[in-house]
Amino acid sequence: MAPGPLAQVLRQLPTVDDPNLLTANIPFADAGVYRLSDDCALVQSVDFFTPVVDDPATFGRIAAANALSDIYAMGARPLTVMNLVGFPACLEQNVLVAILKGGAAKVHEAGAVIVGGHTVEDDEPKFGLAVTGLVNPAKLVTTVGARPGDLLVLTKPLGTGILATALKGEVLQEADMADAIRGMETLNKAASEAMLAVGVNACTDITGFGLLGHALEMAVASGVGFEITADALHVYPQTLEMAALGLIPAGSYRNREHYLPQVVNRERLAPELVDILADPQTSGGLLIAVATDKTEALLAKLAETGSNGWVIGRVTDMHPGRMMVI
């Protein structure tokens with residue numbers, strides 16, 4: 001759902017009064033966290049979607065990596081998963097087998113265990129996971145905690161929504177977006193371990209609301225402003241070319257409508273930059289707020305584990321809950 005209508009629905013639901021629900025007072029938390037004891041809490045999330053690529057096994061790997069991402073964004077360790085499947089009766093069963101095998105490979109790589117799942121017949125294939133993880137509440141990383149002076153580090157390039165739209169429009173083939181597919185298949189496990197080893201102040205993962213939406217949500221949650229450096233943003237190959245052809249996903253326009261008013265200098269942004277900022281990501285990277293004196297250590301740790309890491313901006317005390325793009 002678009003962020004605006006979703007927010008209207010959620011604000012009408014009753015609140016939960018349980019002191020063990022640690023995310024009850026964490027705005028825009030990436031997953032739900034429920035305390036079991038002083039040093040152990042459950043972390044739970046769910047995600048599923050329609051195919052973003054044609055190959056079934058690749059779709060399974062991407063969907064699984066995407067669903068696991070919320071657990072990693074909170075510094076937790078995935079423990080068990082359940083498959084969620086919507087599948088058309090007209091498709092051959094070997095397609096579903098390939099999807100599930102692809103997902104299982106990523107779950108195994110994450111060190112988690114598939115304990116079951118649920119399937120329904122649907123007009124269009126859908127696949128994802130319900131994920132349960134564990135975390136020590138003292139080591140929980142959330143959207144709250146970014147401080148003025150922190151630097152913002154992003155661990156994957158942008159552009160997967162635009163490229164997936166080009167693929168659906170048959171302007172690109174999967175071979176043309178091999179870098180993006182590898183990125184979407186990559187777990188955020190190593191990046192999460194790197195941020196835990198160094199110690200960071202806040203984190204979120206970049207998915208359907210794009211860098212624009214998820215960054216602004218973290219700024220709101222932390223009560224700070226974000227300053228994003230346009231020239232520091234990395235995109236997957238052919239992203240800008242596809243955007244120039246107008247291959248912009250519908251979710252991008254919904255993200256702009258809801259979040260762009262919170263960008264203080266929005267009138268001066270180039271259209272292609274807005275395309276990148278608002279592009280809904282599939283299995284995107286982690287956006288990490290880290291103290292300046294720990295940034296080099298974080299970047300080094302990310303490189304050591306084979307992860308990307310780019311400083312794309314900083315946290316300020318100007319314009320709380322809003323963003324400036326320079």
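Colleague: How many helices and strands does the protein chain have?
Modeller: This is a predicted model, and its protein chain has 11 helices and 11 strands.

Colleague: What is the radius of gyration, and what would a compact globule have?
Modeller: The protein chain has a radius of gyration of 19 Å, which agrees with a compact globule of 326 residues, because such a globule would be near 20 Å. Along its principal axes, the C-alpha trace spans about 55 × 50 × 45 Å.

Colleague: And what share of the residues is buried?
Modeller: Of the 326 residues in the protein chain, 52% are buried. The chain exposes about 14500 Å², and carbon and sulfur atoms supply 54% of that area.

Colleague: What about contacts along the sequence: how many join residues at least 24 apart?
Modeller: The figure is 85%, taken among contacts between residues at least 6 apart in sequence.

Colleague: Let us turn to the helices. How do the axes of α6 and α11 cross?
Modeller: Helix α6 covers residues 189-198 and helix α11 covers residues 292-304; their axes come within 9 Å and cross at roughly 145°. The crossing of α6 past α11 is right-handed.

Colleague: Which residues make the contact?
Modeller: From α6 they are Ala191, Ala194, Met195, Ala197 and Val198. From α11 they are Lys294, Ala297, Leu298, Lys301 and Leu302.

Colleague: Which residues of α5 are buried?
Modeller: In helix α5, residues 178-185, the buried residues are Ala180, Ile181, Gly183, Met184 and Glu185.

Colleague: And what covers them?
Modeller: The cover over the buried residues of α5 includes α2 (56-73), α3 (93-110) and α4 (160-168).

Colleague: Now Glu227: where is it found, and is it buried or exposed?
Modeller: Glu227 is found in strand β8, residues 225-228. Glu227 counts as buried because its relative accessible area is 15%, below the cut-off of 20%.

Colleague: What is Glu227 in contact with, leaving aside neighbours within four places in sequence?
Modeller: With those neighbours left aside, Glu227 is in contact with Leu152, Ile312, Gly313, Arg314, Thr316, Met324 and Ile326.

Colleague: A change of topic: where does Asp39 lie?
Modeller: Asp39 lies in the loop between β1 (32-37) and β2 (40-49). Asp39 counts as exposed, with a relative accessibility of 53%.

Colleague: Which residues does Asp39 contact, again leaving aside neighbours within four places in sequence?
Modeller: Those in contact with Asp39 are Val135, Asn136 and Pro137.

Colleague: How many residues apart are Asp39 and Ala67 in sequence, and what is the C-alpha to C-alpha figure in space?
Modeller: Asp39 and Ala67 are 28 residues apart in sequence, and their C-alpha atoms are 25 Å apart in space.

Colleague: One last topic is backbone angles. What is the phi of Phe28?
Modeller: Phi of Phe28 is near 55°, which is positive in a residue other than glycine. Phe28 has its place in the loop between α1 (3-10) and β1. With a relative accessible area of 38%, Phe28 is partly exposed.

Colleague: And what is the phi of Glu170?
Modeller: Glu170 is not a glycine, but it has a positive phi of about 60°. Glu170 is found in the loop between α4 and α5, and it is exposed, with a relative accessible area of 72%.

Key:
Residues numbered from 1 in each chain as written. Predicted model: local features only at pLDDT ≥ 70, side-chain atom pairs only at ≥ 80, totals over all residues. Heavy atoms only, no water. Axes fitted to C-alpha atoms, helices over the stretch in contact; angles between N-to-C directions. Helix = DSSP H or I, 4+ residues; strand = E, 2+ residues; numbered from the N terminus. Left-handed = near helix turned anticlockwise from the far one by under 90°. Contact = heavy atoms within 4.5 Å. Rg over C-alpha atoms; globule rule 2.2 N^0.38 Å. Buried < 20%, exposed > 50% of the residue type's maximum accessible area, 1.4 Å probe, protein only. Areas by Shrake-Rupley, 256 points an atom, 1.4 Å probe, with all protein chains shown as cover.
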